[in-house]
Amino acid sequence: MNTITGEGCVDRAPFAGRRAELALLEELLGDLGRHRPGGPAAVDITGEPGIGKSRLLAELTTRARRAGLTVLHGRATQRERNTPFQVFADAFADLGVTGAGGAELTNLWDSGEPFPRGGGSGDRLAPADRIRQAELPDQRCPAAAPPCPWGEGRSASGTYPAGGTWTASPGPHPLAAPPRAWPEPYGFFRRTAEALARVAEPGLLVVLDDLHGADRASLDLLDHLLRHPVAAPVLLVLARREQRTPPALASLLARAAECGTLARMVLGPLDPADCADDLAPGLPGDRAAALHTASGGNPAYFLALAAGPGSGGALAVLFDELAPLEPLPRAVVDAVALLGDEARTDLLPAVTASGPEEFGAAVRELVRLDLVRPHADGRTLALRHPALAELVRRAMDPLRRRDYHRRAADGLARAGAPVTVRAGHVEQYLTHWEPAAAATLVDAAERTEATDPALSARRLGAVLAVLPDTPEHHDARVELKLRRARALGDAGRVEESRDLLHRLLGRCGANGRGRDGGQCHAAAGEEEPRTAAVLLCAFMERHLGRYREADALIRRELRRHPGPSPSLRLRLVVEWGCRALFERRFPEVRTELSAILADARARGDDAGRAEALTLGALGEAYEGRTAAALTYVEEAAALIDAMTDGELTECCEALVRLGWSEIFLDDRAAAERHTTRGITLARRAGRPFALSQLLLCAAYVHSLTGRVETALGFADEALSVAETLGGAEVTGFSRAIRASILLHARPLGDPEPLAAAEEAVAVVGTAAGWWGVLARSLLAPAIPPATDPHRVRDVLLTAGGGPGLPRIQASVRPTFLELLVTACLAAGDETAAHRAARLAEEEAERLGLAVQRAAALRGLARLRGHAGEPAAAAELFVRSAQEYARTGVTLREAHTLLLGAPAARAAGDEDGAAAMWRRARRLAEAGGARLLVDLADRTRTAALGPGPEATAAPEADGPLAALTPREREISALVAEGLTNQAVADRLCLSPRTVESHVARVYRKTGVMTRAGLASLVARATS
C-alpha cells in the first residue's frame, strides 16, 4: 500500500502492510457519524518498538483529516514526564479552530491562569497546558457524580472515597513522584468530558502515542474517559509498548477492555511480501528475504538494515532512545550488542570497566527502558531485537569496538572459556603481530576445521595477515598457508585454494628451498611442505577437471631430486592414478602402482596400502578386468575392515574407491557397508569431497536394491555437497545419478526426470572425463524410447563414441548396449540392434558379472520378441530376471519381469505370466518405484488377460492389508518356500532383519507357522 501524498501526509517512510488494521480503524471513524451504540470509545494499539505503530497512526490521521475530522495528536515524552496532563496537553495544543467542539476544548485547555504545582507560586505550565484553578469545582466529589462501575471510585493512581476528598495512593508512582500538592481533579475530568460530548460531526480523533510514558495525571484523565465514554463522535486511539507499560496503565486498559469501551489491536511482524513490495521494491528477492529474516518482519529494522529510502528516519528513531543514556548504560548496550550470545553478566563488568553495583544499576535502568532483556537463565543479556544489536555494532566506533573485544577475550580467558569462543574476539582486535593471540586463532582454526572449514580458513587468514614476512617465520607461514588452502578447499572455495597453493609452490621453488633462503622442510612428522602442497594442488586441479595440469604437477614432483619420502611418493602415485582414471587412462599407471604397493607392503604402511589397493580395484573394475579387480577388492576390504576409525579418517577417499568397485563387481551388500562407514567418518572428520561421493555411492546402491525413497534422499544430499564444492564434472555426475533415481520415483510420463537429466548434461558441458561421459550417457534412460527412439540412439552413440560405445566404462557397457538395442529396434534399425546385442553378450561373457549378463540376456530377449518369438523371449526375460535377483538388483528384476510377462502370456504360459507380473508389481511397490508400478498397471491386461483378475485391484486386502510393503514382499518370498537366509540374500538384508519382519507379520496376521503364512498369501492373491 503506497503512502498517501498531499498536505498533512507523512511520507518519509513507506507505509507497509497494515491494510487490515487501517481498514478497521477507518471503519471505526466512519461509525462516528452514524452513532452506533455499543462501539468502543477507544482503540489500544500495541507492538514492539519499530513495528509501525506511529506510522499507522500517521496514516490514520492523514486520512481522518481528508475525511473532514478534527485530529488531535499527542505524544508522551520522557523529558516531560513530570508535567501533569502532558500527553493530553500535547494533543490539544493544536486547538485553534472552531467546530467539532473546538471552542469548548480551547476554553478549557487554553486559560491564562497559573496552575499550582509542587506548592510553588512561580511554577507555570506551557500555554497549551494552562487551566484556571478557579474553573475547578469544589474539592469534594459532587453527590450527583455517576457511580464507578468497579466499586468505590478508584482512579488509575488515586482513590475517590464516596463524598470524600481525593487522595493519592500511597507509594511511589510508577512513572514519576507525585507533586506535593494536587487539586481534586474530578470536576476537571467532568468538564473535559462535557466539552468532548459537545463535539459535532463529522467528529474528533484524539491520538495519544507512546502512552507508556504518560504522566500520572494523564492516566487519571484517560481512566475517567474510558469509564465514562462520551456520547459524541469522538474516538481515542492509543499506542504504547507492552514491555514498558506501567502496571497502573495496564490495569485501567484491562478494565476498559472487559467493559467493552476499549478495542485491542496488536501489531505483529510484516510478512516477507509486504516488506519486499512496500519497503524495498527495487531490492533483489534473496536480499529482501535475508533482511526480513534479520529484522524479524519489523519495518523499522528492515529499513535501517537495508539502508535504503526511509532508513534515515528509522535509524534516527532507533538511536533517539540511546541518546539520553548515561555513559555506563550506553557502554552496557554496546557491550551486549558486541558480545551477542556471550553477553554474560559475569563478563560484562570487565568489558565495561564497571563495578558490580554500578553495573547492576545500569542493567536495571536498561531493562526498565526495554533496551536490554535478560535471558531466561538469568546469566545472559540481549538487546530487545537482534537487528538493534546489528545496528549498534555498525554505529560503534572501531577503536572502542576493538577495545571491547580485547577485554572480552581477556575476561573469557580468565573464566576458562574454550579457545573457540575466545577466538571470535581475538580475531576482531588483532591488527598487528601478537604471538599469543595468533596461537589462539591457530588453535581455534584446527578445532573447527572439520565442522566449519570456512571459519577455519578465515582465522588462519587473519594470522597470515599479521605474520611478519621474515626468514624466522618462513616455516610457520608455509604451514599456515597449507592448512588454509586445505580449509578453503573443504569450504568449497576450490579456485581460491588452488591459487594459494600455486603461490606457495612459487615461493618454495622446485628444489624445496624458499626464495628467502629458508627450507620448505617438514613442520610435523615426515610430511614435506612442498610435496604436500603439490598433492593438494593436484587434487584441486583434478576436482576442477584440469587433468593435464594435475598430471604435469605430479610428474614434475616425482622427477625431483632428491625425491619425496616413500610414503609421500605413494600418495603422489595414487593421486596420479586417480587423475589417469578420471581421464580414462588408467593403464599407464599400472606399473608404478604395482611398485608402490609392493613398497607399502614391505614398509607395513597399512594406510598407504589401502590407498593403492582401492585405486587398483577401481581402475581394473573400470577397465573390465574383473579377476584383477576382485583380487584388489578382497585384499583392500580385509585390510580396511581391520583398520580403526582413526586410521581410516585420513584415507576416506579409499572408502569411496572401494565402494564404487564393489558396486561394479556386483557386491552391493559390501558396498553399502563400506559406504555407510565412510559417510560416518567423512562427516565426523570434515571431508566434504569424500562425503559427496560416498553419499552418491549410497544413493546408487539403495536405488539398485529397491529403496528409491532413501536413495533419493542420499542423492539430494550428495548433490547439495557437490554444488557447495563446485566442479562441473562432479556436480553434473551427481545430477545425472539423481535424475536416474528420480526416474523411478516419479510417475510414468512425468517430465521432471528428463529435465533433470538434461540439466546434468548441461552442467558437465564438454568435459570428456569418466564422469562427463557417464553423465551424458545417463540421459538416454530418461528419454522415453517408444516416443523418441532416435534421440536415445543418438545420445548413446555420441556419448559412447560409436556403435560399440567404447568411451563408456567396460564394466557397465552391456547395460547401455541393451538400451541401444531397444532404441534401434524402435527406430527400425534391426541390423544395428543385432550388432549391439551381440556386443553386449560378448562383453558380459568376458566380464563374468551377473548384472551385465542379465542386461545382455534382456537385449537378446527384446530381439526375440521383436522377431515374433514370444516363448524364446519369455525364457530369456526370465533368465535375465533371475540374474538380477541373484545380486539383489530388485528394480531391474521387476522391470524385466514386466517386460517378460506379456511375452509369456503370448506364448501360452498364463500362470507364468501372472506370477511374473504379480512379483514385479510387488517389488515395484515395495521399492517405492512409482514408474514401475504405473508400468505394471499399464501392462496388466497384456500380462493377465481381460479376465476378472486383470481388473482386480492389486493392493493387498484382508489380513495382509495391515502389512507394510516390505512385510508383504517378505511374506511372498516365504510363501515361495525361501528360508530366512535365502530371503536375506535376495533382498540384501541381514537374516536378523528378515527374522524381525517375519515375527511382525506373524503378530499382525495371527498365523503361527510359515505354512500358515504361505496359505494366507495364496488365498490373498487367488
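Which residues does Trp660 touch, not counting residues up to four places away in sequence? I looked this up and found Leu618, Gln693, Leu696, Cys697, Tyr700 and Phe733. I took contact to mean heavy atoms within 4.5 Å.

A note to myself on the basis: this is a predicted model, where local features need pLDDT of at least 70, side-chain atom pairs count only at pLDDT 80 or more, and totals for chains, interfaces and linings use all residues. Residues are numbered from 1 along each chain as its sequence is written, and side-chain values use heavy atoms, with hydrogens and water left out.

Next, I looked at the cores. A nonpolar core is a set of buried (under 20% relative accessible area, 1.4 Å probe, protein chains only) Ala, Val, Leu, Ile, Met, Phe, Trp, Tyr and Cys residues joined through side-chain atoms within 4.5 Å. The largest one has 172 residues, and Trp660, Ile663 and Trp770 have the most contacts inside it. Helix α31 (residues 688-704) gives the most to this core, twelve residues. I also found a second, separate core of 46 residues, with Tyr404 and Leu347 among them.

Then I checked the whole protein chain. Of its 1022 residues, 54% count as buried. I counted 50 helices and nine strands; these are DSSP runs, H or I of at least four residues for helices and E of at least two for strands.

Last, I turned to a helix pair. Helices α38 (residues 813-827) and α39 (residues 830-847) pack at about 165 degrees, with axes 8 Å apart. Axes are lines fitted to C-alpha atoms over the stretch in contact, and angles run from 0 to 180 degrees between N-to-C directions. The two are therefore roughly antiparallel (over 145 degrees).

Key:
Buried means under 20% relative accessible area, exposed over 50%, partly exposed in between (1.4 Å probe, protein chains only). Angles under 35 degrees count as roughly parallel, over 145 as roughly antiparallel, 65 to 115 as roughly perpendicular and the rest as oblique.
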